[in-house]
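Here are some friendly notes to read alongside the model. They start at the ligands and then move on to the strands.

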Amino acid sequence: MAEAILSLERVHTYIEQHHILQGVDLSFMPGQATVLLGRNGAGKSTTLRTIMGLTPASSGSITLKSQAIQAMKPYEVAKLGVGFVPEDQAVLYTLSVEENFRLAMLTENESAWARMETIFELFPDMKKFWRSKAGVLSGGQKQMLAIARAFVNDHDLLLIDEPSKGLAPIVVDHLIESINHIKNHTTVILVEQNFYMASHVGVAYFILDDGRTVHQGLMADLVHDEGLKQKYLGIA
Amino acid sequence: MTSQAATVGIQEKSGMDPKKLGVWTASVGIWFLPLLWIDPTTYAVLTVAGLAMGMLIFLTASGLTLIFGLMDVLNLAHGAFFVWGAYVGFSLLNALQKIGWVEGAGAAQSIGSVMLCLLAALVVGGIMGIVLEKMLVRLTYGSHLKQILITMGASLILVEVLKVVWSPNDEVVIVPQAFQGSWDVMDVIVTKFRVVAIVVGLAVLAGIQLVMMRTKLGIIVRAGVENKEVVETLGYNIRRVFTGVFCAGAALAAVGGTMWSIFKEQIHPAMGEENLIFALIVVIIGGMGSVTGSFLGAIMVGLAFNYVAYTLPPLALGANIMIMAVILLIRPTGLMGKD
Ligand SMILES: Nc1ncnc2c1ncn2[C@@H]1O[C@H](COP(=O)(O)OP(=O)(O)OP(=O)(O)O)[C@@H](O)[C@H]1O
Ligand SMILES: [Mg+2]
């Protein structure tokens, strides 16, 4: 079996005095899409933010490609090839769509602009509003920009927090298609409440509850496990 | 479809807003008001003087506003960079005088002397900025009170050191020959160095705009003003950007100091604090964080100061504080500040 590209062991995180993550264990196989599930407030977003170093782990270890990253700053983690699409729309309103993409390109080279062409095909609105300020985009378009922006780098690992929020079903289908498209060379970690999207993207899954890993397995099995879905996800 | 229509709607609204147009007309028109009681020739002289003064204040204010916008740091040591720049320029001019590049110098040598002074101020200011940011300002991120206390303390110490290195008294600054005196343009007396000040101010504005609007660094800085966390997660060390902006701001203030010293033909240790007051007024008028705003603010303050100083001298500074108060009443975030 291949070695995990990223693994978390007994990770604890405090936000101010609150003990939010209380023992998270996760591991992700390269080239596989994994979904993090769990009810509201379970700690999914905090887990991604802890991997990025935004809310640093107070104990436990986080290993990326055999390198300990739990003490690293967010920009160092990013430079190791980790892309992050946060839960709240993180587009920069005062910058144009073009500038949002240029900011995201860690190296502005031929291959980055070649990937841009693919992005335009997936999200034609990005081309249409190329010179507009990102602030004038609609909520869904902003969401698309935030996700598309993460595709311009040839990242090894992408952390995406609830991308389907606020998107029309047809756009969600687009998104599923585009994530499945990059899955071949990029490992994807997806936090997703939309079970349709989660089950169409994820191969493996983890369930978090109260800041702990409580379950893991293959998506194909979870789809039929009504009891588990009911217990942790509130899906009837 | 719906979203497309909505976007068009927004563009139309910001394009031709009659209220906005009215505000702009009024704010340009008000500057011709002094013509009611000042004769046109004097008005023209005062206008040139005001523009020159505004440009020089802008040199200090531009750095101050960027440091605030990006780092949320109130830097009251900015005046110290200014006065150090002035004294470095003063000493260099004295040295250049010995080789005949100041008084009695030709045009090329005069220009060379001013350039050398600006370069020296730039370097000294920049180094002071880096040291101060790394040693002190870094410890105060997030707390305005700490920033005020620490940068004010640093400023006091830097000015005391300056008094020891140079002297606590006023000094006369010698102006390179080519920039002494004035031109007579249709009876309007235009002091030569005022024109230089306007040119330098415009060049700095153009330079800042070029970097901010056309380079990757500019994109990073503007993005940082809006959302530091996103910039950091996209792979940029925001702390390094902070240090760089602080360094650039300090360098600009020092250049402002050198320009000011030649402009006024004299220097004294308290000139930094005096200039800082103007710069703070300008930054508040323009909107904290906006370079264009502080440019407009600096022009307003420079012009108002000169018109009022001619009419009712004791009220000159008061008039600027009035302008600031009125603008804050109309727009609490300043001319171009973020809402
Ligand atoms: N800044 C904060 N201060 C205090 N508590 C916080 C903070 N941020 C998150 N929390 C708490 O941490 C817990 C986990 O939050 P997190 O955002 O990780 O949940 P989540 O699983 O992403 O939920 P959702 O599905 O609603 O997005 C929640 O109970 C939340 O209230
Ligand atoms: Mg969340």
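1. Please keep in mind throughout that this is a predicted model. The distances and areas below are computed from it.

2. Ser45(A) belongs to helix α1 (residues 44-52) of chain A, while Glu87(A) sits in the loop between β6 (82-85) and α3 (97-104) of that chain, so the pair ties together parts that are 42 residues apart in sequence.

3. Glu87(A), at 30%, counts as partly exposed.

4. Next comes ligand 1. There are 14 residues around ligand 1, and Lys44(A), Ser45(A), Thr46(A), Glu87(A) and Gln193(A) come nearest.

5. Which side chains make polar contacts with oxygen atoms of ligand 1? An N or O atom in the side chain of Thr46(A) is 2.5 Å from one oxygen atom of the ligand. For Glu87(A), a polar side-chain atom lies 2.6 Å from a ligand oxygen, and for Gln193(A) the corresponding distance is 2.7 Å. Ligand 1 exposes 630 Å² when taken alone, and the protein buries 61% of that.

6. As for where the shell around ligand 1 comes from, β2 (18-28) and α1 of chain A each supply at least two of its residues. The largest share, three residues, is from α1(A). Sorted by class, the shell holds three nonpolar, seven polar and four charged residues.

7. Chain A also has an open sheet of four strands in the order β2-β1-β4-β5, with antiparallel pairing. Its edges are β2 and β5 (67-68), each with a single partner strand, so one side of each is left without a neighbour in the sheet. Within the sheet, five bridges connect β1 (residues 6-15) with β4 (residues 59-64) of chain A. In this pairing, Glu9(A) is opposite Ser61(A).

8. Chain B deserves a look too. Strands β2 (residues 182-185) and β3 (residues 188-191) of chain B run antiparallel and are joined by four bridges. Asp184(B) stands opposite Ile189(B) of β3(B). The hairpin these strands form has two residues between the strands, and Met186(B) takes a positive phi near 50 degrees there.

Conventions
Residues are numbered from 1 along each chain as its sequence is written. Chains are lettered from A and ligands numbered from 1 in the order in which they are written. This is a predicted model: local features need pLDDT of at least 70, side-chain atom pairs count only at pLDDT 80 or more; totals for chains, interfaces and linings use all residues. Side-chain values use heavy atoms; hydrogens and water are left out. Buried means under 20% relative accessible area, exposed over 50%, partly exposed in between (1.4 Å probe, protein chains only). Two strands pair if DSSP finds at least two bridges between them. A residue is near a molecule or strand if one of its heavy atoms lies within 4 Å of it. A polar contact is a pair of N or O atoms within 3.5 Å; within protein, one must be able to donate a hydrogen and the other to accept it, and residues adjacent in sequence count only if both atoms are side-chain atoms. Accessible areas come from the Shrake-Rupley method with a 1.4 Å probe; for residues, only the protein chains shown count as cover. Ala, Val, Leu, Ile, Met, Phe, Trp, Tyr, Cys and Pro count as nonpolar, Asp, Glu, Lys and Arg as charged, and the others, Gly among them, as polar.
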